[in-house]
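Let's walk through this fold together, going from the order of its elements to the sheet, the core and a few backbone details. Please keep the model open beside the text as you read.

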Amino acid sequence: MADCHHSTSMKPFLFALAALLSGAAGWVQAAQDEGAVIEMKLGDYRFMPDRIEVAAGSPVTLRLVNTDRITPHNFTLKAPDAGLDLHVAVGGGKTQDITFTPTAAGSYTFYCTKKLPFMKSHRERGMEGTLVVTPAP
Ligand SMILES: [Cu+2]
């Protein structure tokens, strides 16, 4: 009976330990795979920079910084044939990372899909840019 109690009380601890270890392993994995980090500002209906260049086959992390205090923006790039099917929302004043690996060289347009009723979309106001993917090194 005493043994039984002992083993059940150990279970939460073991689960916590397992979660901690797998979490730590996941973090190391992410750190290895995030590739180069490129910071991009979103604000005032613009992306800054609005042209970035990356290499096919290499992971890259975009650090999206919304410099508007309230206006939400997003980074959208739909080119699934090139391994790029991206849509990341970034709230006002927030920062979001997105990691991806483009698979095909080319020139791809990214943009913000935000739009208020009866207003021009952010993209129509000029919130778009170009991701240039160079051939794998
Ligand atoms: Cu926007």
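**From the chain to its core**

Starting at the N terminus, the elements of the chain follow the order α-β-β-β-β-β-β-β-β-β. That gives one helix and nine strands, where helices (H or I, at least four residues) and strands (E, at least two) are DSSP runs, numbered from the N terminus. Before going further, please note that this is a predicted model, in which local features need pLDDT of at least 70 and side-chain atom pairs count only at pLDDT 80 or more, while totals for chains, interfaces and linings use all residues. Residue numbers start from 1 along each chain as its sequence is written.

Let's take the open sheet next. Four strands build it in the order E2-E1-E4-E7, with mixed pairing; two strands pair if DSSP finds at least two bridges between them. Strand E2 (46-48) and strand E7 (95-100) are the edge strands, each pairing on one side only. On average, neighbouring strands of this sheet are turned by 25 degrees against each other, direction ignored; the axes behind such angles are lines fitted to C-alpha atoms, for helices over the stretch in contact, and angles run from 0 to 180 degrees between N-to-C directions.

Now follow the pairings one by one. E1 and E2 are antiparallel over three bridges, and here glycine 43 stands opposite arginine 46 in E2. Strand E1 (residues 36-43) also pairs with E4, this time in the parallel sense and over seven bridges; glutamate 39, for instance, has arginine 63 in E4 as its bridge partner. E4 and E7 then pair in the antiparallel sense over six bridges, with valine 60 bridging to phenylalanine 100 in E7.

Two residues lie between its strands, and aspartate 44 takes a positive phi near 60 degrees. Tyrosine 45, in the loop between E1 and E2, has a phi near 60 degrees as well, a positive value in a residue other than glycine. Is tyrosine 45 buried, exposed or partly exposed? Tyrosine 45 is partly exposed, because 19 other C-beta atoms lie within 10 Å. The cut-offs are these: a residue is buried if 20 or more other C-beta atoms lie within 10 Å of its own, exposed if 12 or fewer, and partly exposed in between, with C-beta atoms placed from the backbone.

Proline 49 sits in the loop between E2 and E3.

In strand E3 (residues 51-55) you will find glutamate 53. Glutamate 53 is partly exposed, because 13 other C-beta atoms lie within 10 Å. Leaving out residues up to four places away in sequence, glutamate 53 touches Val132 and Thr134; contact here puts the C-beta atoms of two residues, placed from the backbone, within 7 Å.

E5 and strand E6 (residues 84-90) pair in the antiparallel sense over seven bridges. In E6, alanine 89 is the bridge partner of asparagine 74.

Which residues have the most contacts inside the largest nonpolar core? They are Leu42, Leu62, Leu64, Phe75, Leu77, Phe110 and Leu131, in a core of 13 residues. Strand E4 (60-66), strand E5 (73-79) and strand E9 (128-134) each supply at least two of its residues, and E4 gives the most, with three. Such a core is a set of buried Ala, Val, Leu, Ile, Met, Phe, Trp, Tyr and Cys residues joined through C-beta atoms within 7 Å. Setting aside neighbours within four places in sequence, leucine 131 is in contact with Ile52, Val54, Leu77, Tyr108 and Phe110.

Finally, look at phenylalanine 118, in the loop between strand E8 (106-111) and E9. Phenylalanine 118 is exposed, because 5 other C-beta atoms lie within 10 Å, and its phi is positive, about 70 degrees, although it is not a glycine. Over the chain of 137 residues, 14% count as buried.
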